[in-house]
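Me: Could you walk me through this model and tell me what stands behind each term you use?

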Amino acid sequence: MRYLLIFLFSFLSLYTLAQEAYVQGTVRDEKNVPLEAVTVSVLGEPGGSTTDKFGKYSLIAPAGKEIKVVFSFVGLQSMEYDLKLFAGEVRQISPRMRTKSTFLNEFEITEETQRTSTMNKLDPKVVSAIPSASGNFEAVLFSQPGVVSNNELSSQYSVRGGNFDENLVYVNDILIYRPFLVRSGQQEGLSFVNSDLVSSVEFSAGGFEARYGDKMSSVLDIKYKEPLEFGGSVSASLLGGAVHVEDASDDHRFTQIHGVRYRSNQYILGSLDTDGDYRPSFLDYQTYLTYDITEKFQIDFLGNITRNKYQFIPEDRQSDFGTFNEALRLSVFFAGQEIDEYETYTGAIAGNYRPDASTKLKFIASTYRALESETFDIEGAYRLDELERDLSSEEFGDVAFNRGVGGFINHARNYLDAWVTTVEHRGWKFKEDQTFQWGLKLQHEDIWDRLKEWEYIDSAGYSTPQTPPAYWGISSTDSLRPIPISPRDELNLRTSVRAENRLISNRILGYFQWENSFDIDTNEFQINIGGRLNYWDLNNQLIFSPRANISWKPNWERDFVFRFSWGFYHQPPFYRELRDLFGNVNKNIRAQTSIHYVLGSDLNFKAWGRPFKFVSEVYYKKLNNLIPYEIDNVRLRYYADNIAEGYATGIDMKINGEFVKGVESWFSLGVMQTKEDILNDSYTEYYNSDGETIISGFTANNVAVDSATFFPGAVPRPTDQRVTVGLFFQDYLPRIPSVKMNLNVLFGTGLPFGPPSYERYKDTLRIPPYRRVDIGGSYSILKPDRERKPGQAFNFMESLWIGVEVFNLLQVNNTISYLWIRDVSNRQYAIPNYLTNRQVNVRLVAKF
């Protein structure tokens with residue numbers, strides 16, 4: 001009998017095993033870090049499993065029927081997999097779990113994940129809600145504290161007194177470069193970052209860690225998605241469209257995401273002062289692929305192809321400016337055209353290896369290629385008129401009399417071919433409350449550049465800079481047209497640049513940092529200490545950049561975190577800084593240096609029963625070995641010499657939270673001053689016998705009898721914008737939450753400018769403040785949480801919404817730069833070049 005019982009028990013056990021299968025794998029978070037204590041279970045079945053400290057699990061599951069395997073963890077989104085396993089099967093599933101989000105009326109609130117460093121985590125989903133004329137991802141930064149953008153057509157931004165070239169941008173640890181030859185926002189086109197592909201965004205306005213590269217101002221760290229399932233989106237507007245598709249294999253070993261974007265700013269550019277035929281065309285394709293070769297080794301590929309073309313045939317322009325007591329009008333008639341083309345190719349392959357749960361190794365090989373051309377021949381004839389200002393006159397606002405006439409010719413044939421190749425290693429070591437990070441990078445650069453551009457100005461009867469005019473005047477019909485006046489032997493150009501350069505160089509970069517978290521009497525502390533090395537064989541300069549950050553979370557009733565950051569931020573020159581105003585390359589310049597001191601606080605609190613956050617930072621940046629530069633629109637032209645020192649100091653504040661229940665909004669305020677002192681610069685003034693200042697040593701009727709030399713000292717840097725304000729506000733109708741409103745407000749006091757010269761001390765004037773209000777409204781036609789009945793149309797769609805945007809709602813004429821001319825009395829005028837006027841855009845976005 002005993003043997004019979006043993007036989008029956010063994011038979012039943014074998015039968016049971018024959019009806020079982022196994023699910024096993026490794027669970028990681030968004031940053032590929034193994035997760036411990038994740039619950040893994042079969043929905044509706046008893047028992048389950050949990051992951052160990054290495055993120056590994058093994059689950060027994062029933063075979064031969066449809067089951068649902070669920071992964072759950074506090075603070076992370078639960079994940080479900082529908083399976084049907086055969087008896088004895090071992091299925092590998094290694095999910096990546098995302099940060100949990102709470103939905104309220106379709107609005108998403110992302111939970112806080114990081115407070116101890118200067119890196120600020122932003123919600124990438126907000127990008128689609130921000131009304132923006134450029135449509136670029138960087139619009140989410142423009143209302144952040146410390147960030148300044150004065151051009152709605154551009155994705156470029158400055159941070160705490162720095163310029164566009166001082167910002168780091170990474171996508172999946174790959175450094176992104178900005179265009180070289182672009183000189184205006186309307187030429188720029190699409191920025192690199194495709195918002196449809198983004199999963200996480202972190203931004204720091206200063207005091208960032210050693211693992212980020214060698215720039216003086218800021219870092220933007222972006223990670224692209226690793227999809228969990230099939231999905232995508234299609235969007236279209238009056239400015240272009242975009243399509244993206246994403247998918248993952250059943251076992252999540254292979255993921256892919258692709259995006260195509262097309263944009264044309266023709267509609268927006270039609271609101272500029274200069275009328276003509278605008279033909280912009282911007283197109284790009286991006287892809288990000290991942291494949292888990294084994295549980296420990298994964299390869300990634302990031303690819304991008306961008307082709308931006310800008311063609312412009314100007315016709316005429318009319319600009320009114322001045323004051324009520326001196327109302328003026330500039331009328332310009334054009335001939336010629338401009339054609340600019342920018343092609344970029346980026347490819348990067350990475351191998352991620354985890355020999356154990358506490359170690360992560362990454363190996364990256366990448367290449368970047370830029371082919372840029374800038375060609376234009378534009379001829380213009382202008383007249384400067386004074387307008388009738390008598391309010392009682394029937395001709396009020398019409399031309400009263402002519403102040404002068406003139407003309408100009410702009411010519412350029414500029415070409416650039418840049419190739420940057422890198423090989424890089426990054427490593428992480430996790431040990432209890434400590435993290436070690438290190439990296440080594442080899443970079444090869446090959447840049448060829450040919451410049452050929454000149455500018456001729458015949459201003460009100462005088463050829464600038466010297467000889468009298470020969471080819472412009474008033475015709476017999478009293479209209480402004482190019483006509484011959486008198487022959488001459490010499491043509492003097494205002495500017496003329498001719499150069500051809502080839503630059504081949506290599507860089508070696510490395511970093512190490514250590515992070516430790518610990519408690520002292522219930523007070524939480526975190527320390528991050530590190531340093532960077534950078535060597536460039538072009539100037540044979542080796543630099544070391546130590547950096548440190550400490551945070552303190554006191555055991556107070558209020559939820560405060562305080563932090564202090566310090567560090568050296570050396571910026572070795574790239575090609576643009578090497579080239580001077582005349583196209584010559586100076587290979588001997590050294591790295592610019594910014595020493596950061598940043599003291600910040602972070603407060604979480606509740607108001608009206610809803611969560612809020614208030615962040616403030618006080619900073620001081622000591623600037624050494626500066627390379628002065630001129631800025632025109634988005635074009636930077638450097639002096640190509642380390643001849644200045646300076647500083648930037650200020651305070652940034654931001655409050656964000658649920659001003660309206662369920663949706664996030666924010667308000668930011670920045671106060672800043674930045675100055676630089678060009679070393680050993682001076683100018684001399686000459687005086688006649690009456691003590692009056694004369695322009696030079698002698699004039700027709702004056703002889704200098706005395707002179708004085710002045711040293712200007714510190715002058716405002718070109719980015720000295722004293723006060724900036726940013727506001728992003730979201731709202732919805734309480735009874736109809738499908739109807740939403742988004743408001744974006746930007747304000748910045750005026751930037752310094754001066755007459756066209758290379759004498760920075762003359763830049764004492766200020767551009768009028770930048771004031772911009774954009775508003776958008778949308779209606780959700782299909783909601784993500786709607787009930788979907790079998791056979792119902794559009795069940796495959798997750799959501800569908802339509803929106804209307806109004807750009808520059810208040811119709812403010814913002815100034816980006818100036819055109820300088822003279823009248824018949826040799827008086828000089830600065831004619832403002834205005835940005836875009838009020839425009840309406842319509843958008844349609846579908847997600848599936």
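Reply: Gladly! Let's start with a cavity: β38 gives the largest share of the lining of the second largest cavity, four residues. This is a predicted model, where local features need pLDDT of at least 70, side-chain atom pairs count only at pLDDT 80 or more, and totals for chains, interfaces and linings use all residues. Residues are numbered from 1 along each chain as its sequence is written, and side-chain values use heavy atoms, with hydrogens and water left out.

Me: What makes the second largest cavity a cavity, and what is its volume?

Reply: On a 1 Å grid over the protein atoms alone, a cavity is a set of points where a 1.4 Å probe fits but cannot get out; lining residues have an atom within 4 Å of a point. This one has a volume of about 210 Å³, the space filled by probe spheres set on the points, which are joined across faces, edges and corners. Among its 21 lining residues, L451, R579, R635, L636 and R637 are closest to the centre.

Me: Why are β5 and β8 called edge strands?

Reply: The open sheet runs β5-β1-β8, with mixed pairing. Two strands (DSSP E runs of at least two residues, numbered from the N terminus) pair if DSSP finds at least two bridges between them. β5 (56-62) and β8 (90-92) each have a single partner strand, so one side of each lacks a neighbour in the sheet.

Me: How do you know that β1 and β8 pair?

Reply: They share three bridges, in the parallel sense, and the rule asks for at least two. Y22, for instance, has V90 in β8 as its bridge partner.

Definitions and conventions. On a 1 Å grid over the protein atoms alone, a cavity is a set of points where a 1.4 Å probe fits but cannot get out, and a pocket is an open set with protein on both sides within 12 Å along at least five of seven lines; lining residues have an atom within 4 Å of a point.
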